Amino acid sequence: MASLTLVVPFGLPPAEFAPDLVRSMQAPSLAALLSRNKSQQYVPFDVDSRVLPHEAWLAQAPGAPLASAVMRGMGMEQEAGHWFIVHPIHVQIARNHLVMQDPRQLRLEEADSRTLFESVQQLIADEGKTLLYGNAHTWFLRADEWAGLATASPDAASGVNLADWMPTGDAARSFRRLQNEVQMLWHEHPVNEARAARKLPAVNSFWLWAGSPAPAAAAPSGLAVIEGPDWMNALASGKLQDARVEDVLAKGRSAVLAQLLDAGLSGDWSSWLLNMQDLDQQWFAPVLEALRAGRIDEVTLILSHRDGWTEFRTGRMSLRRFWRPVNLKKLST
């Protein structure tokens with residue numbers, strides 16, 4: 001049976017805003033897929049996992065531990081050891097606590113990122129660890145003795161009290177010591193002085209997460225990623241990064257549609273509505289047509305917010321349930 005799974009981070013509106021957002025949405029194809037589904041299940045999410053629901057799904061999808069899969073997607077050789085994804089970040093004071101700015105807003109250029117990377121590479125090597133450069137926003141750290149460290153994703157931790165999301169475990173003190181040394185090296189670094197002159201936030205710390213052992217190999221995932229952050233895009237198979245819907249229908253088994261991610265994280269619901277309308281026209285409408293035409297037999301929609309996700313499964317035959325009114329009410333139930 002030909003089937004397709006579409007994962008839409010923040011495709012599920014938060015309960016307090018859902019009624020108003022649903023009334024304002026213009027997404028007739030999504031409404032048809034949801035209203036005439038053959039099964040529906042809401043799954044509450046355990047916040048103690050320290051990632052967002054779609055990130056937990058992605059951690060299983062590539063067929064390899066997340067850090068290793070991202071490294072492979074960036075064309076890096078796999079080595080033994082315990083690897084983490086690392087992001088240069090900006091931390092600021094908000095009232096009486098520290099907050100991490102959304103890393104996507106950092107606007108860090110390649111040259112500046114490499115300069116900051118090289119400024120701490122020897123320090124980290126002296127600690128018996130290996131730091132590798134992926135791209136301007138994504139680095140990798142091998143720290144075998146930190147294997148038990150419990151970490152949080154940057155999207156889960158950004159915009160909230162950072163103290164609640166710092167790494168925990170026996171190695172937490174060692175991590176904090178290294179983090180403090182990096183912060184001191186970057187304080188008043190020429191890169192940050194130049195950024196200040198351009199009214200850009202300082203790159204004053206780093207965030208570490210997704211620790212996992214590196215396997216020797218992993219099977220292709222068949223995953224497409226559309227408009228995700230750099231680390232997420234690296235998980236896409238072959239040419240399925242920012243692929244068109246026709247490519248996904250022809251070559252993919254699953255796709256993450258990340259167009260709502262920024263608006264959902266920031267609570268910008270006007271932008272969320274506009275992006276949802278675009279998704280309906282560019283993705284849900286062609287997928288619905290493919291289902292009706294028999295090009296696929298089933299589509300699974302996984303729509304999430306911070307607290308959980310709803311999985312809708314719609315088949316070609318279930319679309320014939322004409323007695324079910326077509327609307328978006330299932331987004332608020």
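Let me begin with a term: a residue is called buried under 20% relative accessible area, exposed over 50%, and partly exposed in between, with a 1.4 Å probe and protein chains only. By that scale Asp 242, at 43% relative accessibility, is partly exposed. What you see is a predicted model, in which local features need pLDDT of at least 70 and side-chain atom pairs count only at pLDDT 80 or more, while totals for chains, interfaces and linings use all residues. Residues are numbered from 1 along each chain as its sequence is written, and side-chain values use heavy atoms, with hydrogens and water left out.

I turn to the protein as a whole. Its secondary structure consists of twelve helices and twelve strands; these are DSSP runs numbered from the N terminus, helices being H or I of at least four residues and strands E of at least two. The radius of gyration is 21 Å, close to the 20 Å of the globule rule for 333 residues, so the protein is as compact as a globular protein of that length. That radius is taken over C-alpha atoms, and the rule is 2.2 Å times the number of residues to the power 0.38. Along the principal axes, the C-alpha atoms fill a box of roughly 65 × 45 × 35 Å. Of the 333 residues, 52% are buried. A contact here means heavy atoms within 4.5 Å. Among contacts with a separation of 6 or more, 75% join residues 24 or more positions apart.

Next, helix α4. How many of the eight residues of α4 are buried? Six are, so the helix, residues 66-73, is largely enclosed by the rest of the structure. The buried ones are Leu 66, Ala 67, Ser 68, Ala 69, Val 70 and Met 71. Their cover includes the helices α3 (53-60) and α9, and the strands β3 (82-89), β6 (130-135), β7 (138-142) and β8 (205-213). Just after α4, Gly 75 has a positive phi of about 75 degrees.

Helix α5, residues 110-126, contains Ser 113. This serine is buried, at 0% relative accessibility. Beyond its neighbours within four places in sequence, Ser 113 contacts Leu 108, Tyr 133, Asn 135, Ala 136 and Trp 139.

Now to the loops. Asn 37 sits between α2 (28-35) and β2 (39-44), and is buried, with a relative accessible area of 4%. Its side chain reaches the backbone nitrogen of Ser 39 at 3.0 Å. Residues up to four places away in sequence aside, Asn 37 touches Phe 312, Arg 313, Thr 314, Ser 318, Arg 321, Arg 324 and Lys 330.

The loop between α9 (230-233) and α10 (245-251) holds Leu 240, and Asp 242 lies in the loop between α9 and α10 too. Leu 240 is buried, with a relative accessible area of 5%. From Leu 240 to Lys 251 the C-alpha distance is 8.1 Å, across eleven residues in sequence. Asp 242 has a positive phi, near 55 degrees, in a residue other than glycine.

Finally, Glu 188, in the loop between α7 (172-186) and α8 (190-197), has a positive phi near 60 degrees. Is Glu 188 buried or exposed? At 57% relative accessibility, Glu 188 counts as exposed.

How values were computed. Polar contact = N/O pair within 3.5 Å; in protein donor to acceptor, adjacent residues only side chain to side chain.
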